[in-house]
Amino acid sequence: MAHIPQQRGRRSAPFVLVVVGTDVHRFDRLVGWLERWHAARPEVRLVLQYGHSRPPALPEATAFLGHEELQRAMAEATLVVSHGGPATITEARRTGHLPIVVPRDPTHDEHVDNHQQLFSRRLGAAGMVRLCESEPELLAALDEGLAEPSRFVLAADPGRPDPRAEAVARVGAVIDDLVARRVRQRAAGRRG
């Protein structure tokens with residue numbers, strides 16, 4: 001289990017957690033965006049789980065986090081930035097965050113196909129994530145989230161028995177729909 005290095009005196013600073021997952025593809029494009037953004041905002045505590053990407057020039061970066069440590073960091077974070085992985089997005093939403101999502105792009109060798117882009121765009125259109133597919137979009141979302149953190153918090157509806165279960169079910173429904181579409185596309189391709 002990895003340990004998040006922590007700088008002294010940073011506990012009260014706004015805390016941005018970035019999770020790129022465990023995919024073997026590098027996500028250096030996102031790492032570079034964050035390095036540039038953080039250089040102008042050193043007062044922000046930025047923890048980056050960078051996976052197989054190049055190690056970033058950031059004081060609180062770690063290659064991988066254990067599940068419990070990731071859960072703890074998500075619970076404490078002001079904002080959560082995620083790659084387009086369904087599990088990470090679901091975990092962020094489960095801990096009450098509207099995640100800022102930067103999907104991996106296969107044209108940059110960040111993944112084998114465009115499923116993260118398709119999935120993230122679908123969730124973005126449904127208002128379930130804040131979709132950012134460019135550096136300016138990401139920087140704007142981060143700045144907005146730090147200025148008004150409440151815009152990136154999921155409000156619990158007291159009339160619902162378990163808002164976390166509902167969030168997981170909504171993400172699951174989107175995944176099911178995307179899989180069903182893919183199966184229909186493949187079946188149509190075999191017939192044609």
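The place of W37 is in helix α1, helices (H or I, at least four residues) and strands (E, at least two) being DSSP runs that are numbered from the N terminus. The structure is a predicted model, in which local features need pLDDT of at least 70 and side-chain atom pairs count only at pLDDT 80 or more, whereas totals for chains, interfaces and linings use all residues. Residues are numbered from 1 along each chain as its sequence is written, and side-chain values use heavy atoms, with hydrogens and water left out.

With a relative accessibility of 1%, W37 counts as buried, a class that covers residues under 20% relative accessible area, while exposed means over 50% and partly exposed lies in between (1.4 Å probe, protein chains only). Leaving out residues up to four places away in sequence, W37 touches V16, V44, L139, L142, D143 and L146, contact meaning heavy atoms within 4.5 Å. Apart from its neighbours within four places in sequence, V31 is in contact with L48, Y50, S53, R54 and P56; of the pair V31 and Y50, the C-alpha atoms lie 7.4 Å apart, and the separation in sequence is 19 residues.

The chain has 192 residues, of which 43% count as buried. When contacts between residues at least 6 apart in sequence are considered, 66% of them join residues at least 24 apart. The accessible surface comes to about 9800 Å², and 53% of this area belongs to carbon and sulfur atoms; such areas come from the Shrake-Rupley method with a 1.4 Å probe, and for residues only the protein chains shown count as cover. In helix α2, which spans residues 67–76, the buried residues are E69, L70, Q71, A73 and M74. What covers them includes β1 (15–19), β4 (79–82) and α3 (86–94).

Side chains of opposite charge can pair when their charged atoms come close. A search of the whole structure finds 10 salt bridges, each defined as a side-chain nitrogen of Lys or Arg within 4 Å of a carboxyl oxygen of Asp or Glu. One of them joins E35 and R54, with the closest N and O atoms 2.4 Å apart. E35 lies in helix α1 (residues 28–39) and R54 in the loop between β2 (45–49) and β3 (61–62), so this pair ties together parts that are 19 residues apart in sequence. E35 is buried, at a relative accessible area of 17%, whereas R54, at 26%, is partly exposed.

Another salt bridge links the side chains of D143 and R41, at 2.9 Å from N to O. Because D143 belongs to helix α5 (residues 135–147) and R41 to the loop between α1 and β2, the pair ties together parts that are 102 residues apart in sequence. Both D143, with a relative accessible area of 30%, and R41, with 22%, are partly exposed. The side chains of E133 and R121 likewise meet in a salt bridge, at 2.8 Å from N to O. Here E133 lies in the loop between β6 (130–131) and α5, and R121 in helix α4 (residues 115–125), so the parts tied together are 12 residues apart in sequence. E133 is partly exposed at 29% relative accessibility, as is R121 with a relative accessible area of 38%. Furthermore, R130, E144 and R151 are joined into one network by salt bridges that share partners.

Residue D109, in the loop between β5 (100–101) and α4, has a phi near 60°, a positive value in a residue other than glycine. D109 is exposed, with a relative accessible area of 61%. R191, in helix α6 (residues 163–191), also counts as exposed, at 69% relative accessibility. Together with R182, R186 and R190, R191 forms a patch of positive charge on the surface; the patch consists of residues with over 30% relative accessible area and no salt bridge, like charges being joined within 9 Å.

Methods: Patches are made of residues with over 30% relative accessible area and no salt bridge: like charges are joined within 9 Å, nonpolar side chains (Val, Leu, Ile, Met, Phe, Trp, Tyr) within 5 Å. Lys and Arg count as positive and Asp and Glu as negative; His and the chain ends are not counted. The place of a charge is taken as NZ of Lys, CZ of Arg, CG of Asp or CD of Glu.
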